[in-house]
Amino acid sequence: MTYAKVSLTLVVLSLVAAFTAAIFALDSVDAARSAQDKQRSPATEPMAHEAASTAVGGVQSYAGATPAGNPDTIAASQAPFPAELPPLHAGRVLPVRITLKDVTVPIAPGVRYRAWGFDGGAPGPVVHVRQGQTVRITLTNGGAIPHSIDFHAARIAPNVAFRDVEPGKSITYSFRANDPGVFVYHCGTKPVLAHIANGMYGAIVVDPAKPLPPSHHQYVLVASEWYLDSPGTSEPASLDMTKARLMMPDWVTFNGYAGQYKAHPLEADPGHLVRFYVANAGPSLVTAFHVVGTIFSRVYPEGDMTHPLTGVQTSDVPAGGGAVFEVKIDQPGLYPFVNHSFASVDMGQVGILNVGDVEGTASH
Ligand SMILES: [Cu+2]
């Protein structure tokens, strides 16, 4: 065979192979489309409980689904989680006693969830210490299955301190809070995804030994996601582990309840420093923290209190991370604080900072 004939044969063979591959590719696209169409067919579509209930790729979403009535009125009647940073504790050792309980908690207007709550709520209590103080944590398991407590502010052997506690039992351990910042604490029992998604998280703020500039208001916001197996409106919802793995939450919140600080705005005084301690419990999504209408005068990214950034519009707080944000707003008004990853705003991660006690409604 001549060189030209060999080349021609190779070209023809290549064309045949490419054509065959294209046919197979089209076949698999058709198969995927047909499977999607089947999932969307009315026969298999779950009943829509509320207008906002939608199915995506065969997974039922209850994002934004609230019962009949005005959600704003329902949210207004719900007492907000206290966002103000609690005062420091005098003394060398801060005893923190937390009892885990299986509780039903409100997570959005008219929506209830069967949670595992540190101290009966989600998030658990805010712990506040100064750098150098010792935290002595006692966890009592008042639930039905093993749990544990992992403090990110601790440098300690996790297989010992964060070990599982059987129902009815307690564990006590101590650590010296040597690293300033804002840190997450959470249950570390397998599967951790389920234990965090069920509400087992909170924040600890460690003030630097050299105090930060004084501020009129200091707020703690714990970001988290909720993954529901039902709308949670007539009966409390439980965890949908598939949605948790897919990272498809129904509600995304600051301090456990969607939009609670829209119904109960946080306060600020014109021209005075406000400090936000944002801890992101996740379990999986990032919080792109932003205050509409202003710029952070300082951000301590990742809670690193030694290297602040200045003049920042938005800064990410990763799942399992924390950061400190400072604003000083001169002009009175209603300033929304949001996760600027806006799907999360749609699912409830938004609040209002009311500067100067003004009337009216906010833009977000
Ligand atoms: Cu747990």
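Biologist: Which residue in β18 is the bridge partner of H290?

Modeller: Please keep in mind that this is a predicted model. In general, the strands of a sheet pair through backbone hydrogen bonds, in either a parallel or an antiparallel sense. Here the bridge partner of H290 in β18 is T314, and the pairing of β15 (residues 287–291) with β18 is antiparallel and runs over four bridges.

Biologist: What is the strand order of the sheet that holds these two strands?

Modeller: The order is β13-β21-β20-β15-β18, an open sheet of five strands with mixed pairing. β13 (266–268) and β18 (314–317) each have a single partner strand, so they stand at the edges and one side of each has no neighbour in the sheet. On average, and with direction ignored, neighbouring strands of this sheet are turned by 25° against each other.

Biologist: How should I read the nonpolar core, and which residues touch the most other members in the largest one?

Modeller: The general idea is that nonpolar side chains tend to be buried together in soluble globular proteins. The largest nonpolar core in this model has 90 residues, and F183, A203, V220, Y277 and V278 touch the most other members. That core draws at least three residues from each of domain 1 (83–217) and domain 2 (218–355). If we set aside neighbours within four places in sequence, the contacts of V278 include L221, A223, T287, F289 and V317.

Biologist: Where are the cis peptide bonds from K190 to P191 and from G282 to P283 placed?

Modeller: The bond from K190 to P191 has omega near -15°, and P191 is in the loop between β9 (181–186) and α4 (192–197). For the bond from G282 to P283, omega is near 20°, and P283 lies in the loop between β14 (273–282) and β15.

Methods: Residues numbered from 1 in each chain as written. Predicted model: local features only at pLDDT ≥ 70, side-chain atom pairs only at ≥ 80, totals over all residues. Core = buried A, V, L, I, M, F, W, Y, C linked by C-beta atoms within 7 Å. Buried ≥ 20, exposed ≤ 12 C-beta atoms within 10 Å, placed from the backbone. Domains from an automatic or database assignment. Contact = placed C-beta atoms within 7 Å. Pairing = 2+ DSSP bridges. Axes fitted to C-alpha atoms, helices over the stretch in contact; angles between N-to-C directions.
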